[in-house]
Amino acid sequence: MPLLECRGLCRRFGALTAVDTVDLAVEPGEVHALIGPNGAGKSTLFNVITGVLPPTDGQIFFNGERITGLPVHRIIRKGIARTFQLTHLFPALTARENVRIAAQAHRVDRWRPIAGGRVFAATRRIADEALEQMRLSRFAEVKAGMLSHGDQRLLEVAMAIAQEPCLLLLDEPTQGLSVEETDQAIQILRGMLAKGGLTVILVEHDMEVVFGLADKIVVLHRGRVIANGQPAEVKANEEVQRAYLGGME
Amino acid sequence: MNVAGFLVAQSLNALSQAAILFFIACGLTLIFGIMRIINFAHGSLFMLGAYVGYSTVAWTGSFWPSLIIAPLVVGMIGGTFEKLLLARLYARRDSGAYLMVTFGLAIILAETIRLTWGPQPLSIPIPDRLRGIVLISNQPFPIYRLFLIGMGSAAAVLTWQFLERTRAGLLVRAVSQNAEMVHALGTDVNAVRTGVFALGCAMAALGGVLSAPLMTAFLGMGSNVIIDGFVIVIIGGMGSFLGSIIGSVLVGFVQVFGSYYFEDLALAMMYLLMLAILIVRPGGMLGKEE
Amino acid sequence: MHGRIVLAVSAVVMCATAPILPAFTLTLLTEALIFGLFAMSLDLMVGYTRLYSFGHAAAYGLGAYSTALLLIHFGLPLPIGILAGVAVSVVIAVPIAWVCTRSTGVSFAMLTLAFAQLGYAMLYRFKEFTGGSDGIGGIPRPAGPFGLDFFQGKIGYFYVVVFCLTASFFLCTVLITSPFGAVLAGIRENETKMRALGYNTRAYKIAVVVVAYGLGSLAGALYTPFAGFVAPELFFWLVSGRVLIMVVVGGAGTLIGPIIGGVFFVMLEHQLSEVTELWPLVFGAIFIAFVMLAPEGIWGLLTRYVRAMLPAPRGEAGQEASSAAS
């Protein structure tokens with residue numbers, strides 16, 4: 001059974017159709033890359049899947065359960081974590097505090113108003129592990145607002161993995177990163193995937209990242225899926241090449 | 001009493017109410033359009049207008065000069081406040097600071113008024129020429145209220161003409177759309193902001209003067225009226241001039257007919273209306289401001 | 001950390017010197033501490049969660065009137081009367097919190113104001129119960145259960161207030177340094193992200209508003225037997241304004257700052273009002289000055305100053321969410 005399934009998903013804004021009858025099936029453990037020219041509707045699709053925007057049409061299923069129309073926090077708590085195109089952090093809090101809040105989000109005792117010692121111990125451990133995985137441990141005590149753009153994006157990914165999700169939605173994680181930083185990010189993601197238990201949908205413009213990580217590629221153009229399959233076939237697809245006006249980067 | 005006559009009279013009542021509300025809502029809307037903030041001091045400025053009007057009447061013995069002096073004085077105060085304080089907050093993208101500072105101004109104005117004029121309500125007599133009643137559909141109707149409707153309509157038309165037909169008005173509209181671009185084209189956007197803020201304050205003050213003969217000048221005018229203004233701005237759509245007209249009329253009707261049919265709730269009417277609106281549309285119209 | 005020390009030391013000093021202070025000073029201090037509690041309750045909303053309220057007078061008024069009515073009509077012993085007054089206020093605060101948290105920013109502030117204004121209007125509407133503009137007078141300070149009556153006197157009542165303030169401060173500190181408090185910090189810093197992480201931020205906001213109203217109503221409930229009467233002015237928006245000023249000037253997000261702000265203002269008010277009638281203006285001006293120039297408030301300034309002077313490294317042990325004063 002697919003972990004995430006979208007059937008006929010549509011999202012319209014008045015006359016503009018941002019997501020047009022999208023069908024998507026992501027099996028557990030797979031890495032899907034979502035690519036397409038700017039304005040193709042990729043971030044909107046993420047917003048619809050996570051409940052930030054309600055779909056105008058269609059259904060979404062997570063683990064066989066219908067999640068269409070649920071509020072954001074209920075959907076997320078089923079085991080989905082996402083990052084944003086524009087970095088969304090808590091700039092006045094330290095990197096560790098940032099990740100700890102993320103780690104706390106999925107604990108049953110996250111609300112404990114008194115004697116949270118055990119909660120804090122657990123979240124600190126998870127946070128430190130996540131920071132370690134993203135190679136950000138040295139910034140644990142630094143305020144997130146002070147980090148470089150690249151490190152902030154990695155921090156956001158750290159926050160996502162601290163939620164211990166089944167499904168990870170990454171929205172242009174390497175955007176704004178230098179070549180070295182991008183390579184590092186690919187390595188880290190590969191390491192995480194190798195450990196298993198994680199399913200990823202990745203919005204990306206950087207084709208190296210895409211071909212380096214993806215099991216399947218989904219191409220969006222003007223809200224519609226124009227290709228969906230193994231990297232090799234998608235690369236050869238003429239319609240895709242046309243959409244990108246002159247081939248892949 | 002026949003129904004038609006009653007409806008006509010109450011509708012005119014509602015329109016006169018709407019006129020006063022318009023003076024507040026228009027300024028609030030213009031200011032929001034330009035600065036993306038709700039000027040919380042607007043209610044106190046309205047109140048200040050009423051009190052300055054009282055003093056002008058006391059000083060000159062005539063009502064008419066106050067229609068010019070009150071808006072002028074309050075407009076200047078508003079403009080100065082904007083220039084000295086609000087302008088400095090633009091760099092700080094902190095909506096909390098605006099709330100606080102305009103709130104602080106509201107407090108200072110309210111306390112100043114209490115100190116200067118005392119805690120008792122002050123009445124301004126209706127000018128002789130506007131006293132008395134006319135018969136409309138066989139119902140007696142105060143001339144002064146017709147005067148209010150006239151003033152409100154005139155203000156609406158003038159403001160509309162200003163925004164649509166004059167260069168200054170065009171500037172105002174441009175700045176509310178895209179301040180940076182206008183700035184890049186060489187206009188002093190800060191001056192536009194100060195001007196609009198002053199204009200908004202002046203309009204509120206004029207509303208205050210006009211309302212004083214009917215409701216007296218009293219402490220507490222401000223806090224009621226700011227909620228009214230806020231409700232209108234939400235109904236009409238933040239920053240929409242036409243919306244402020246429609247909203248004022250709507251709220252005017254709700255207030256007048258509402259307090260007639262639900263006399264008990266008269267005092268609470270506006271608060272309940274606002275609660276109702278914000279319950280139905282809690283973020284919708286105000287999403288932009290965050 | 002320092003806040004707790006300051007409070008603890010001050011509490012001990014005040015309790016120790018209470019018997020020898022002149023009656024007038026004691027009365028003033030009692031009133032000041034009540035206001036300090038009132039201000040601290042608002043800090044939970046404003047300083048820790050960035051929920052600006054223009055209507056916190058409602059909490060105060062609710063507590064004051066509830067306690068007044070309970071003491072007069074049911075002859076409850078004083079401590080029970082106060083607790084019952086708070087309980088009633090908390091129950092009323094829940095729907096208020098529910099409605100207000102539907103919105104954010106200015107709308108939230110306006111809604112809180114609307115409820116306070118509504119309360120004010122209701123007091124006039126239901127004159128038979130509430131005494132209308134005359135308020136309710138002659139409120140007793142009945143003895144407690146088991147014949148406890150030390151708080152019927154000035155010194156005794158002062159101890160009660162100090163106790164309530166310290167206990168509330170302790171409660172707030174525990175809340176703030178708990179996982180719940182960490183969530184509040186997140187909401188303050190980036191609510192959208194918190195929702196994206198899966199937090200039901202609305203529920204947390206309702207909770208913090210109810211707690212804030214609860215503690216605010218405790219201040220009101222303490223005020224009633226202290227003053228002996230209650231009047232509608234307690235709900236007036238200028239009261240909400242004053243407590244907001246105390247929070248901002250004292251130092252939002254520090255708990256101790258607003259307490260100091262509250263105490264400072266009541267003292268200053270009594271001093272200034274003898275010299276000049278202009279003191280409310282002075283307060284308004286001070287408020288604006290702090291918002292513009294020193295948003296971290298008095299406590300923030302003090303902390304900064306002290307840190308600059310001390311060479312020792314700061315190592316704040318524990319899991320306190322970062323100070324909101326930044």
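How many Å separate the centres of domain 1 and domain 2 of chain A, taken over C-alpha atoms? In this predicted model, chain A is divided into domain 1, formed by residues 1-79 together with 165-249, and domain 2, formed by residues 88-163. The separation between the centres of these two domains, taken over C-alpha atoms, is 25 Å. Their contact takes 13 residues from domain 1 of chain A and 12 residues from domain 2 of chain A. On the side of domain 1 that touches domain 2, β7 (167-171) and α6 (179-195) of chain A each supply at least two residues. Helix α6(A) gives the most to this side of domain 1, with five residues. By class, the residues on this side of domain 1 comprise eight nonpolar, three polar and two charged.

Within chain A, one residue was examined individually. P231(A) lies in helix α8 of chain A, which covers residues 231-236. When neighbours within four places in sequence are left aside, P231(A) is in contact with F211(A), A214(A) and I217(A). The C-alpha atoms of P231(A) and V218(A) are 9.1 Å apart in space, while the two residues are 13 residues apart in sequence.

The contacts between chains were considered next. Two pairs of chains are in contact, and chains B and C share the most contacts. Chain A and chain B do not touch, and their nearest C-alpha atoms are 14 Å apart. The contact between chains B and C takes 32 residues from chain B and 34 residues from chain C. On the side of chain B that touches chain C, at least two residues come from each of α4 (95-117), α9 (221-236) and α11 (269-280) of chain B. Helix α4(B) gives the most to this side of chain B, with 14 residues. The classes represented on this side of chain B are 22 nonpolar, six polar and four charged residues.

Chain C is also in contact with chain A, through 21 residues of chain C and 27 residues of chain A. The elements of chain A that give two or more residues to the side touching chain C are α2 (72-77), α3 (95-104) and α4 (117-133). This side of chain A divides into 15 nonpolar, seven polar and five charged residues.

Helix α1 of chain B spans residues 3-35, a total of 33 residues, and reaches 46 Å from its first C-alpha to its last, close to the 48 Å expected at 1.5 Å a residue. A kink of about 30° is centred on L21(B) in this helix. Helix α1(B) is mostly covered, with 24 of its 33 residues buried. The helix is followed by R36(B), whose phi is positive, near 55°. Helix α5 of chain C, residues 105-125, has 21 residues and reaches 30 Å from its first C-alpha to its last, close to the expected 30 Å. Helix α5(C) is likewise mostly covered, as 17 of its 21 residues are buried.

The mean pLDDT of chain B is 85, and 94% of its residues reach 70 or more. Over residues 284-290 of chain B, however, the pLDDT is below 50, and this stretch has 14 contacts in the model beyond near neighbours in sequence.

Technical notes:
Residues numbered from 1 in each chain as written. Chains lettered and ligands numbered in written order. Predicted model: local features only at pLDDT ≥ 70, side-chain atom pairs only at ≥ 80, totals over all residues. Domains from an automatic or database assignment. Contact = placed C-beta atoms within 7 Å. Helix = DSSP H or I, 4+ residues; strand = E, 2+ residues; numbered from the N terminus. Nonpolar A, V, L, I, M, F, W, Y, C, P; charged D, E, K, R; others polar. Expected span 1.5 Å × (residues − 1). Bend = angle between axes of the 7 residues up to and from the residue. Buried ≥ 20, exposed ≤ 12 C-beta atoms within 10 Å, placed from the backbone. pLDDT = per-residue confidence, 0-100.
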